[in-house]
Structure formats: structure tokens, C-alpha cells
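Please consult the sequence and the structure while reading.

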Amino acid sequence: MTDLFSDLKQHTAASHQALESTFPFNTMLKPESFSTQSYTDNLMILASFHQYVAQKMKQNPQTKDLEALLQSCATVEAIVRDLDQLGIPSPAQHFDAGLASDNMADMVAAAYVWMGSSMGAKILHHWLQQNDYDHLPTHYYAHMRTLGRQWRPFMERAQTLAEQHSISQPRCVDSANALFNELIAGAGRCTPHDR
Ligand code: HEM
């Protein structure tokens, strides 16, 4: 069996690429198409993802230390705070990737996509600081940037859980892709045309 994280990285690469190419994600790092509206849409979709995963993890006591590594409460708080400042007081977007909270393959997949998003966040936070966007709240990206430092401990913990629960690696990959697909579906619901 191939290494879990190599497998995840390799088999979600196409989904990640598709996500990055979809509005509003495709406006990040692009001053010509980026706007307060696209930034707000981006955070709304991510808020629905984080809220969904945080809720699933809460339902499974065996993911407690994984949840602590993900800093799920602080992450949700940071994104809700940004959205509040952007005029969206209670973000509630539909998100359902069909994950089962009692399935460890699904929980590892969810934690992987969550932690992986901190990789891009480092670049994005830097970009938001470099450019003239100081009118935009960036608690979420600042938080995710620091979360990126937990990548190694996260991999160790997730690997241990994966072994203890003899997870199905193909299911883990499928669930990670299901999360990417639901993020893309959320993006599809806010097209640039209605602006
Ligand atoms: C649109 C903005 C985004 C950009 C520019 C971006 C950029 C990146 C980059 C550069 C990496 C590679 C880091 C490395 O290998 O050192 C990465 C990895 C990753 N990103 Fe993103 N990303 C974005 C959005 C997202 C979102 C929204 C998610 C999920 C919610 C996500 C999930 C992941 C995952 C799971 C990895 C793989 C980590 C690994 O296996 O090494 N990304 N991203």
C-alpha cells in the first residue's frame, strides 16, 4: 500500500487544480479580478466547509486530538469574524460532502483537506498583506498561516489513527475528493455573472 499522504496528494491534485480555477477561488492572487465581493464569496464557501467538518468531528470522540490540531473552534471563529466585518453576520451556506462522522477514513480525509488549505493560506495571507488590501479583514488567513506549522504533528497523528482503525485508503481519497467537489459546487452557486 502506498503512503497515505502521497496517495492523497497525488489523487486530489486534479480536484485542487479545478478548485483553484473556479470563481471565486480563481480571483485570489489576481489583482485584476479580485474584489471585496469575490473575497467575501471565497470566505463564505470556506466557512461552510469548516463548519461542516468541525461539526462532523465533534460527533466522533476518537478524533478529539485531531480536532485539537486543526484548532477547529479558533478557525471557525476567525472566519465568522471576518465575514461579520464584511457585512455577513451569520454565514450559512449549504455544504454536504456525504461524510460519515463514525468513519475514520472520512475523518482523516476531512482533516487532510482542512490542514492542506493552510498551505495555500500562507501564500494568500502574504499576498493580502503585500497588496493594498488593508481594508479587508484577514483573521482567517492569518490564523490558517500559523496552523500550517502543525502539518507534521497532524500527519503523525492522522497516520496513527489511520493504522489503528485500518482505514480504507481508497475511501479516504474518495472522501477528500468529495470535499473538494462540494467546495467547487459551492463556488458554482456564486457565479461572477450576478455581480
Ligand atoms: C485559491 C486559493 C488556493 C491556492 C493559491 C492554493 C495553493 C496551494 C499550494 C501552493 C499548495 C502546495 C503547498 C506545497 O506543496 O508546499 C497547496 C496545497 C494544498 N491545498 Fe491549496 N490553495 C488554495 C486553496 C485551497 C483550498 C480552498 C483548499 C481546501 C479547503 C486547499 C487544500 C489544499 C490541500 C489539501 C493541499 C495539499 C497538501 C499536501 O498534500 O501537500 N487549497 N495549495
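Two residues are in contact if their C-beta atoms, placed from the backbone, lie within 7 Å. Helices (H or I, at least four residues) and strands (E, at least two) are DSSP runs, numbered from the N terminus. The model is predicted: local features need pLDDT of at least 70, side-chain atom pairs count only at pLDDT 80 or more, and totals for chains, interfaces and linings use all residues. Residue numbers start from 1 along each chain, as its sequence is written.

The buried residues of α4 are covered by elements including α2, α3 and α6. A residue is buried if 20 or more other C-beta atoms lie within 10 Å of its own, exposed if 12 or fewer, and partly exposed in between. In α4, Ser72, Thr75, Ala78, Ile79, Val80, Asp82 and Leu83 are buried. Just after this helix, Gly87 takes a positive phi of about 95°.

His50 belongs to α2 and counts as buried because it has 22 C-beta neighbours inside 10 Å. Leaving aside residues up to four places away in sequence, His50 touches Thr75, Val76 and Ile79. His50 and Ile79 are 29 residues apart in sequence, yet their C-alpha atoms are 9.0 Å apart in space.

| Helix | Residues |
|---|---|
| α2 | 36–58 |
| α3 | 64–70 |
| α4 | 72–85 |
| α6 | 139–147 |

**The ligand shell**

The ligand is surrounded by 18 residues, the closest being Lys9, Gly116, Ser117, Met119 and Gly120; a residue is near a molecule if its C-beta atom, placed from the backbone, lies within 6 Å of it. Elements giving two or more residues to this shell are α1 (4–20) and α5 (104–130). With eight residues, α5 gives the most.

Terms used
The expected span of a helix is 1.5 Å times one less than its number of residues.
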